[in-house]
Amino acid sequence: MFSRLSEFCTQRIQRGLVRRLNNLKIAAMARQVAKRAPEPKGQPVVFFKASTGIDDLSWNSGFHLLASWPCD
């Protein structure tokens, strides 16, 4: 019983650390994109993400993020 609880806690801590490291990497990339983004022209475009996955970056969330970043 204790080993299962210990394993659960260890995995939960590892997932949390991985999530935080990934979020730091994404934030760094977003800063780089913002620095290199062209000046906005024309009307703004709104991106709406209808997803409940707020903790992890899924394939769908990753695509939404990339598609919403400005480009030339």
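1. Where is leucine 5 placed? Leucine 5 sits in helix α1, which covers residues 2-36. The model is predicted, and the points below should be read with that in mind.

2. Leucine 5 also belongs to a nonpolar patch on the surface, together with Phe2 and Phe8. The accessible area of these residues together is about 370 Å².

3. Arginine 19 is likewise a residue of helix α1. Its relative accessible area is 25%. Arginine 19 therefore counts as partly exposed, because that class lies between the limits of 20% and 50%. Along the chain, arginine 19 and leucine 57 are 38 residues apart, and their C-alpha atoms are separated by 8.5 Å.

4. Proline 44 lies in the loop between α1 and α2, the latter being residues 59-68. Is proline 44 buried or exposed? With a relative accessible area of 71%, proline 44 is exposed, since the cut-off for that class is over 50%. From proline 44 to lysine 25 the distance is 27 Å in space, C-alpha to C-alpha, for a separation of 19 residues in sequence.

5. Serine 61 is part of helix α2. The relative accessible area of serine 61 is 5%, so this residue is buried; the class requires a value under 20%. Serine 61 and arginine 4 are 57 residues apart in sequence, with 32 Å between them in space, C-alpha to C-alpha.

6. How many residues line the largest pocket? The lining has 14 residues, and those nearest the centre of the pocket are Pro40, Lys41, Gln43, Val45 and Pro70. The volume of the largest pocket is about 310 Å³. Sorted by class, its lining consists of nine nonpolar, three polar and two charged residues.

Definitions and conventions:
Residues numbered from 1 in each chain as written. Predicted model: local features only at pLDDT ≥ 70, side-chain atom pairs only at ≥ 80, totals over all residues. Heavy atoms only, no water. Patch = residues over 30% accessible without salt bridge, like charges linked within 9 Å, V, L, I, M, F, W, Y side chains within 5 Å. Areas by Shrake-Rupley, 256 points an atom, 1.4 Å probe, with all protein chains shown as cover. Salt bridge = Lys/Arg side-chain N within 4 Å of Asp/Glu carboxyl O. Helix = DSSP H or I, 4+ residues; strand = E, 2+ residues; numbered from the N terminus. 1 Å grid on protein atoms, 1.4 Å probe; cavity = no way out; pocket = protein on both sides within 12 Å on 5 of 7 lines; lining within 4 Å. Points joined across faces, edges and corners; volume = space filled by probe spheres on them. Nonpolar A, V, L, I, M, F, W, Y, C, P; charged D, E, K, R; others polar. Buried < 20%, exposed > 50% of the residue type's maximum accessible area, 1.4 Å probe, protein only.
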